[in-house]
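This report covers a few selected residues, with their location, accessibility and contacts.

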Amino acid sequence: MLIPLQPWGKGAFKGINFKQLLAAHLDWVMLGLMQGLAGGLIAVFGLTPSPYVVWTMVLGGWLNPLPYLFRAFGINAFALTGSLTQRLAASLGGISAAMIIFAWFVLLGAAWNVW
């Protein structure tokens, strides 16, 4: 982010939307905090979730910000229209959100049963 803001670096990164890169970065930070909260829930309630649930949470958290990265390079990954790349990117965003929601439902259900 420093180089494109310099007078000598303005032309080096034409076509890249740095606000979308910032959005992806912030999304990864928030999803990392969410994964920490899930780990805390597992520790506090003494849960033993399936490895599939854990990997679903991890993969969903890492893949979820990718639509922002695609958008930074000119692919609107928030619409299921357009080119095949755009539709695949939007589908990836939807699948990753579904993975996170599924993992949370399983973890919260297990915590509810223990409580």
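Apart from neighbours within four places in sequence, Gln 20 is in contact with Tyr 68, Arg 71 and Ala 72. The model is a predicted one. Gln 20 belongs to helix α1, which spans 18–45. With a relative accessibility of 15%, Gln 20 counts as buried, because buried means under 20% relative accessible area.

Gly 93 is part of helix α4, made up of residues 84–114. Its relative accessibility is 13%, and Gly 93 therefore counts as buried. When residues up to four places away in sequence are not counted, Gly 93 touches Asn 64 and Pro 67.

Ile 3 sits in the segment before α1. Its relative accessible area is 41%, so Ile 3 is partly exposed; this class lies between the limits of under 20% for buried and over 50% for exposed.

The accessibility values are set out below.

| Residue | Relative accessibility | Class |
|---|---|---|
| Ile 3 | 41% | partly exposed |
| Gln 20 | 15% | buried |
| Gly 93 | 13% | buried |

Terms used: Residues numbered from 1 in each chain as written. Predicted model: local features only at pLDDT ≥ 70, side-chain atom pairs only at ≥ 80, totals over all residues. Heavy atoms only, no water. Helix = DSSP H or I, 4+ residues; strand = E, 2+ residues; numbered from the N terminus. Buried < 20%, exposed > 50% of the residue type's maximum accessible area, 1.4 Å probe, protein only. Contact = heavy atoms within 4.5 Å.
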